[in-house]
Amino acid sequence: MKSQRLLTLIAGCLFVFAAGPAAAAKYKVVSVTDGGSISGRVTLNGPAPAPEILKVDEDVEACGGDRPSDELLVSGGGGIQNVVVRIENIDSGKDWDMPATEFTYDQKKCSFTPRVIVIRPNMAGAVLNSDGVGHNFHTISKGVFNINKKIQPGSSLAVSDKKIRKSGLVNTKCDIHSWMGGAWWVAENPYTVLSDADGNFTMSNVPPGKYKIAIWHEKLGESTQEVEVGAGADTKLDIVLKP
Ligand SMILES: [Cu+2]
């Protein structure tokens with residue numbers, strides 16, 4: 001009886017272990033010889049709305065004063081920063097080319113810096129606190145990375161390479177400073193990029209084929225577009241989002 005229970009326990013552990021990293025291991029790295037690229041720009045349909053002014057009513061001396069929200073950043077030319085553009089239906093392709101080194105996510109003057117990051121699964125990193133006051137780092141996600149922890153002034157929180165196994169969205173906030181907000185996007189495959197300050201993005205070495213491009217922005221939400229990539233060719237993709 002005792003050994004049977006032990007066997008059941010071992011089987012249970014094996015199952016949990018096998019089910020854990022499977023989600024991130026779905027993508028298969030192969031050599032891409034005739035790859036094309038997808039490049040383009042994310043722009044706003046219409047004039048950029050005036051940013052909301054965030055009221056700083058806690059630790060004003062350390063944090064600085066009221067500030068415009070950086071949730072929606074639109075350049076002079078209408079480009080939108082911090083949009084995650086990714087291929088959704090791809091099982092195999094190029095190797096991961098985003099750095100495997102640690103990511104850092106800082107809290108500076110009581111704002112997340114940078115606000116939005118794209119990381120890969122099983123990536124180690126650190127959440128820093130460069131401020132003279134404590135932050136209570138709090139993440140919300142569908143089982144990707146959930147934590148609720150105080151980080152002392154000048155200290156940091158280490159994220160081990162075993163913590164983030166699933167892909168998807170992680171929203172970040174601070175329970176002490178209500179205006180703080182940001183996001184991590186854990187990539188499902190290396191064809192996952194973040195638009196720059198002028199809304200530009202590019203994906204290289206894409207195997208020829210038809211793809212569904214998924215688009216996500218913290219404030220403007222999600223949408224999809226279809227593209228077809230030809231061998232050795234660049235496919236232009238213009239993405240227009242509604243304010
Ligand atoms: Cu804080």
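Which residues of strand E5 are buried on one side, and which on the other? In this predicted model, E5 spans residues 84-87 and is covered on both faces. Val-84 and Arg-86 are buried on one side, and Val-85 and Ile-87 are buried on the other.

E5 has two strand partners to consider. Strand E18, residues 209-217, runs antiparallel to E5 and is joined to it by four bridges. Within that pairing, Arg-86 has Ala-214 of E18 as its bridge partner. Strand E16, residues 192-194, also runs antiparallel to E5, with three bridges between them. Here Val-85 stands opposite Val-193 of E16.

The largest nonpolar core has 33 residues, and Ile-38, Val-85 and Ile-87 touch the most other members. Strands that each supply at least two residues of this core include E2, E5, E9 (116-119), E15 (181-186) and E17 (200-206). E18, E19 (221-229) and E20 (234-241) also each supply at least two. The largest share, four residues, comes from E18. Apart from this core lies another, of 26 residues, with Phe-112, Phe-137, Phe-145 and Val-170 among them. Nonpolar side chains in soluble globular proteins tend to be buried together.

Next comes the metal site. The copper ion is coordinated by ND1 of His-135, SG of Cys-174 and ND1 of His-177, at 2.0 to 2.1 Å. In sequence, these donor residues follow the spacing H-x38-C-x2-H.

Two loop residues can be set side by side. Glu-218 is found in the loop between E18 and E19. Its relative accessible area is 18%, so Glu-218 counts as buried, the limit being under 20%. The side chain of Glu-218 makes a polar contact of 2.8 Å with that of Arg-115. Not counting residues up to four places away in sequence, Glu-218 touches Arg-115, Val-116, Glu-71, Gly-181 and Gly-182.

Pro-49 is located in the loop between strand E2 (36-44) and strand E3 (53-54). With a relative accessible area of 43%, Pro-49 is partly exposed. Beyond neighbours within four places in sequence, Pro-49 is in contact with Leu-44 and Leu-72. Leu-72 lies 23 residues from Pro-49 along the chain, and the C-alpha atoms of the two are separated by 8.9 Å.

A last point concerns confidence. The chain averages a pLDDT of 91, and 89% of the residues score at least 70. Over residues 6-24, however, the pLDDT is below 50, and this stretch has six contacts in the model beyond near neighbours in sequence.

How values were computed
Residues are numbered from 1 along each chain as its sequence is written. This is a predicted model: local features need pLDDT of at least 70, side-chain atom pairs count only at pLDDT 80 or more; totals for chains, interfaces and linings use all residues. Side-chain values use heavy atoms; hydrogens and water are left out. Buried means under 20% relative accessible area, exposed over 50%, partly exposed in between (1.4 Å probe, protein chains only). Contact means heavy atoms within 4.5 Å. Two strands pair if DSSP finds at least two bridges between them. A nonpolar core is a set of buried Ala, Val, Leu, Ile, Met, Phe, Trp, Tyr and Cys residues joined through side-chain atoms within 4.5 Å. Donors are N, O and S atoms within 2.8 Å of the metal (3.2 Å for Na, K and Ca); water is not among the atoms, so sites may look incomplete. A polar contact is a pair of N or O atoms within 3.5 Å; within protein, one must be able to donate a hydrogen and the other to accept it, and residues adjacent in sequence count only if both atoms are side-chain atoms. pLDDT is the predictor's confidence in each residue, from 0 to 100.
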